[in-house]
Amino acid sequence: MARIVELVNAERGKVGCSALTLNTTLSKVAQAHSEDMALHQNMSHSGSDGSSPGDRITGAGYAWSAYGENVAYGYATPEQVMAGWMASPGHKANILNCAFKEIGVGLAEPGDYWTQDFATAR
């Protein structure tokens, strides 16, 4: 997951955003969501229990003032998934949102289900 953070921060640096810090709580949330998507073979921002990204982040005890989530499926490498996200306006906007300060990343098999959770603590 360190490679994803490195790639995200390289893109953020190009537009003058500060680097994101890997956050343990956000990483647990992202990993759990990736595992949930893989288990149900369903790429979605909604969890199998109907939860939203905000629900999951709050439920893990992270008090946020802002959050965002990127999900992807089927990309074999960090470089491939980042290229996919950067080619998508909505995903790119999350990656390049200078208001975000922390990130969590998850990856689950089978199927390469990726999650990035971005947030700024209150």
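## Exercises on a sheet and a helix

S1 and S3 pair in the parallel sense, over two bridges. This is a predicted model, in which local features need pLDDT of at least 70 and side-chain atom pairs count only at pLDDT 80 or more, while totals for chains, interfaces and linings use all residues. Residues are numbered from 1 along each chain as its sequence is written, and side-chain values use heavy atoms, with hydrogens and water left out. Strands (E, at least two residues) and helices (H or I, at least four) are DSSP runs numbered from the N terminus; two strands pair if DSSP finds at least two bridges between them.

**Exercise 1.** Find the order of the strands in the sheet, and state which strands stand at the edges.

*Solution.* 
1. The open sheet has four strands in the order S1-S3-S4-S2, with mixed pairing.
2. S1 (21–22) and S2 (64–73) each have a single partner strand, so one side of each is left without a neighbour in the sheet.

**Exercise 2.** Describe how S3 and S4 are joined.

*Solution.* 
1. S3 (residues 102–108) and S4 (residues 113–121) run antiparallel and are joined by seven bridges.
2. Six of the seven residues of S3 are buried (under 20% relative accessible area; exposed is over 50%, partly exposed in between; 1.4 Å probe, protein chains only).

**Exercise 3.** Which residues of H4 are buried, and what do they pack against?

*Solution.* 
1. H4 (residues 78–86) lies across S2 and S4, at about 65° to S4. Axes are lines fitted to C-alpha atoms, for helices over the stretch in contact, and angles run from 0 to 180 degrees between N-to-C directions.
2. Its buried residues are Val 81, Met 82, Trp 85 and Met 86.
3. They cover an arc of only 135° around the axis, which puts them on the same side of H4; the arc is that of the directions from the helix axis to the C-beta atoms.
4. They pack against H1 (2–14), S2, H5 (89–95) and S4.
5. Leaving aside neighbours within four places in sequence, Trp 85 is in contact (heavy atoms within 4.5 Å) with residues including Ile 4, Val 71, Ile 95 and Trp 114.
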